[in-house]
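Here is a set of questions and answers for a reader who is meeting this structure for the first time.

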Amino acid sequence: MSVHITSPQFKQNAREALADQPLQKALAKVGPGFIGKRAAAAEKLPEFEALRDSARDIKNHTLAHLDLYMERFEEKARAAGGHVHFAVDAAEARNIILGICRDLGAKTVTKGKSMISEEIGLNDHLEANGIQPVETDLGEYLIQIRGEGPSHIIAPAIHLNKEQVEADFRRVHADLPPERNLSEPTALLAEARGKLREKFLAADVGITGANFLVAETGTSIIVTNEGNGDLTQTLPKAHIVLASIEKLVPTLEDVSQLLRVLARSATGQEMSVYTTFSTGPRRAEDPDGPGDYHVVILDNGRSGMLAGQLREMLRCIRCGACMNHCPVYHAVGGHAYGWVYPGPMGSVLTPSLIGVEKGRNLPNASTFCGRCEEVCPVRIPLPKLMRHWREKEFERHLMPATQRTGLAVWSFLARRGWLYRPMTRMAMAMLALVGKSKGRFSKLPLAGGWTQYRDFPAPEGDTFQAQWAARKNVR
Amino acid sequence: MAPNEQRPVSVGLFVTCLVDTQRPSVGFAAVRLLEAAGCTVSVPRQTCCGQPAFNSGDRTTTRALAEQMIAAFETFDYVVAPSGSCAGMIRTHYPELFVGEPDWMPRVERFCAKVHELVSFLADVRGVTHVTAAYDGTVTYHDSCSGLRELGIQAQPRRLLASVEGLTVAEMPDSDVCCGFGGTFCVKYPDVSNAIVEKKAANILASGADTLLAGDLGCLMNMAGKLQREGRTIRVRHVAEVLAGIGDTPPIGQPKPQSVEGRKS
């Protein structure tokens, strides 16, 4: 996929998404698929809320001592025979990975699901340099053959329906008999598995992300449900782990706490099907494993977030609960957000990574209903952080002129009660008079955004404050 | 009605911009409920709590309005608003505006502690367990987001509604999911807002209720406007109107019957 940014066109993206019938059909399953399962998993664990506190505290502690844990991780990973690389930005990370692949003469690489790989546009870079990347997570495989980006951080192809997948498989797997039956999801799965098996065996390098990097042992951890990650990282000559700085966690004990909230928040599972710990390359006594083990740790602007208000965002463990519970995400899906990270977490992260000028729509496209914060396993105050971006937008005069003017007029009046009260009284009297017969308006000047889709109730008449004052005078 | 009443407590009614301008009936309903709960109600001169500026990123205006609000209301025992959104703005967000200002902070915190949303104030602070009101109908209650998530308002309105004579509550699916209003969100992203309120309208209708109630006028106007655009006849009211027994005013977005009679004569 390419990392072409369409976040500035969020409104247009949203309109198209709302008119896209197959997408709407797929999105209808997001809420029912995730919300009840998370709630049931949380309900079953009496200490779930306490675990969320502890998860928050572990991440806060790590972020406060990130330099220390980074050094410890590097030391331990090297002691286990691994290589650790630090990349300041996306370009550096891409080139480090390309360099490793070239040194090994790699022609194909298999990939486990990695959002950081999407963030740095790794696949395009490898392809442009003659190396074929193969996504092995089923969802990622689907979007790769469609040339799309992920629409969800843990369910990248959630925007697709079974019929679309069948059509894509018939198009791409042209060597298979056209009369084969693909009507059942299990048949699609079996076909993908067969195709991917060949790739696993042929790959020279396996690239995965990491859910956690453990400082005390130099271990990288991936959490998956398909087992593709294990094949990706054990079969090829080399395993490259690509992770951002906030994936660090001090100890295995800490990880065990975070794992208890991760899967429950994400899919409602107590644990994911596979939780795989990798420390260094294959040792002499190991029956299998990669000959080389590399960890590429990416900053890409995150150390800048450490110092400010957005630091809390770096607690994120990428469970996807915020988007699973977001009414805006449910309405428009992930692609409308226009870059790699959608939903509430994307609305906070995207402006930090691509700039508030390009990302300004995202933190605005929230009703601040607060459901994301309510379910976040590490208690990130997502609405507050979105509001932070709105403040930056206001400070830098980035909002549309009409909105800014409207806000300025309203603010001028609201700060001057002596003017506000007679003005609102006059306006309401007029509206009430005009709207008297119907009780509402189907069209109103300056309120097109409202009346395009809804009627606007006519005010009752005189303002409460004026009526109250009149009553008091009578008494 | 108010068992823990000792002396009359003074309540400053923060009526909120929307109730002040759009639907004063809700303000009078609030006065009636507060007086019945043993409160002496005053209405100091007021404008807005500053939430529209706060959520638009304009901290300077927000701060000025917060100071204005505190000065107008801090002498009362309690400050009550018929809105979870406005009360939540004050209680949970005002302190953020004064961080690192020891001259202000104690005063702001003292003030915020006495700010309440109307229905939760009646139930939780005044110990009101039932109201003297009748309503002939089946109602469904929408949990407005700020009231629910910032102030924990969920059981209180349902408990008081259960005491209204003749009233039945029929829950809708996903009553705790946003209606798509979101303040300026609904006009900044009208297409997305519409998609959300469409789902809400379908859930409201699925309840089979003849009346929709909620505790925030912004959400109510959004839902009423959508239901009426769809041609639905369900009545929409602020929960305070029903609890105060003034359910004879026209529902939100409906004309006054008198105006029709007026034209005839």
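Predicted model: local features only at pLDDT ≥ 70, side-chain atom pairs only at ≥ 80, totals over all residues.

Q: Which residue is the bridge partner of Leu13(B) in E3(B)?
A: Helices (H or I, at least four residues) and strands (E, at least two) are DSSP runs numbered from the N terminus, and two strands pair if DSSP finds at least two bridges between them. Strand E1 (residues 9–13) of chain B and strand E3 (residues 78–81) of chain B pair in the parallel sense over 3 bridges. Within that pairing Val11(B) has Tyr78(B) as its bridge partner, while the partner of Leu13(B) in E3(B) is Val80(B).

Q: In what order do the strands of the open sheet of chain B with parallel pairing stand?
A: E3(B) is joined by 3 bridges to strand E4 (residues 115–117) of chain B, and the two run parallel, with Ala81(B) opposite Glu117(B) in E4(B). The open sheet has 4 strands, and the order is E2-E1-E3-E4.

Q: Which strands of chain B are the edge strands of this sheet, and which helix packs on the sheet?
A: Strand E2 (39–42) and E4 of chain B each pair on one side only, and are the edge strands.

Q: Which strands of chain A stand at the edges of the open sheet with mixed pairing?
A: This sheet has 4 strands in the order E8-E5-E6-E9. E9(A) is joined to strand E6 (residues 219–224) of chain A by 5 bridges, running antiparallel, and Thr224(A) has Tyr274(A) as its bridge partner there. Each edge strand has a single partner strand, so one side of each is left without a neighbour in the sheet, and these strands are E8 (248–249) and E9 (274–278) of chain A.

Q: At what angle does helix H13 of chain A run to E5(A)?
A: Helix H13 (residues 252–266) of chain A lies across strand E5 (212–214), E6, E8 and E9 of chain A. The angle between H13(A) and E5(A) is about 165 degrees.

Q: How far apart do the C-alpha centres of the two domains of chain A lie?
A: Chain A is divided into domain 1 (7–303) and domain 2 (417–474), bounds that come from an automatic or database domain assignment. Their C-alpha centres lie apart by 54 Å.

Q: How many residues does each chain give to the contact between chain A and chain B, and which element gives the largest share on the side of chain A?
A: The contact takes 50 residues from chain A and 57 residues from chain B. On the side of chain A, the largest share is 5 residues, and the element that gives it is H21(A).

Note on methods: Residues numbered from 1 in each chain as written. Chains lettered and ligands numbered in written order. Contact = placed C-beta atoms within 7 Å. Axes fitted to C-alpha atoms, helices over the stretch in contact; angles between N-to-C directions.
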